[in-house]
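The following exercises concern a protein chain and its ligand. Please study the sequence and the structure before reading each solution.

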Amino acid sequence: MQLEQLANDFWRQGYLVLEDFFSADTMDSLQNLILGHYGLNPEYEHEAAFLSKSATEVIPWFPQRSGEHAFDEIDQCPKMLELTQAILGAGWQGLYCMTMFSKKGTKGQAWHQDCPPDDPQQYNLNRLVYTMDIDEQVGGEVLVMPGSHRLGKLPVGEVNEDFSEQVTLMPKKGTLVIIHGHTWHRVLPIKGAYRLSTNYRAVPQNTPEDITDICVYRNMLYQFSTSKVLEDRLV
Ligand SMILES: O=C(O)CCC(=O)C(=O)O
Ligand SMILES: [Fe+2]
């Protein structure tokens, strides 16, 4: 791996895509564990008001908190550790591993930033692992705005507006996608039976553990720990 080149690409674009980063065998076994946990029709955990206002329909699960050690292998994967260090520098920390399940016919996720961009030094890193192919049939493609990690707060506006410079990602099984928490990103509606992704979030040194508690949407700032809209951006 050309670590320096990849880290430069990441800091220029605000995201990075690495195909065939993980083996198909590892992906298949994690996919089976994840599906075993959710079943095919899991219940939502977020409040209905959040699901509707945020236009985000995702069911999270933190497998390591349930004692699922199979997910540790990716946390400790040497290539992933090296690349994270090249991007975040010394003293970075893994935050948690979160799987996300979306049902057929659901909206995906509206444009958002995982944390407010007021201080460019305070951010999370999404290290997204795909245990299944995301394509036009499955839906759930990931949209990113190149360079938007440097553009400050996502502008107020229509939650699913198309931006002319947006880039559509269709990660395959085994792809690693790294997205800066300030980069504007979105997930398209789900057309297949389900969509899964797994996020190994990390942070640079001196970042609070609850950095992703407040999420920036085009219509609001939302706080997960209190299930509250902190700011209605449309009024
Ligand atoms: O599931 C994805 O592909 C992206 C999810 C996302 O926005 C996130 O984990 O911050
Ligand atoms: Fe996100």
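**Exercise 1.** How many bridges join β5 to strand β8, and in which direction do the two strands run?

*Solution.* The model is predicted: local features need pLDDT of at least 70, side-chain atom pairs count only at pLDDT 80 or more, and totals for chains, interfaces and linings use all residues. Residues are numbered from 1 along each chain as its sequence is written, and chains are lettered from A and ligands numbered from 1 in the order in which they are written.

Step 1. Strands (E, at least two residues) and helices (H or I, at least four) are DSSP runs, numbered from the N terminus. Strand β8 covers residues 176–180.

Step 2. Two strands pair if DSSP finds at least two bridges between them. Here 5 bridges join β5 to β8, and the strands run antiparallel.

Step 3. Arginine 127 stands opposite isoleucine 178 in β8.

**Exercise 2.** State the strand order of the open sheet and identify its edges.

*Solution.* Step 1. The 6 strands follow the order β1-β8-β5-β10-β3-β2, with antiparallel pairing.

Step 1. β1 (15–18) and β2 (59–61) each have a single partner strand, so one side of each lacks a neighbour in the sheet.
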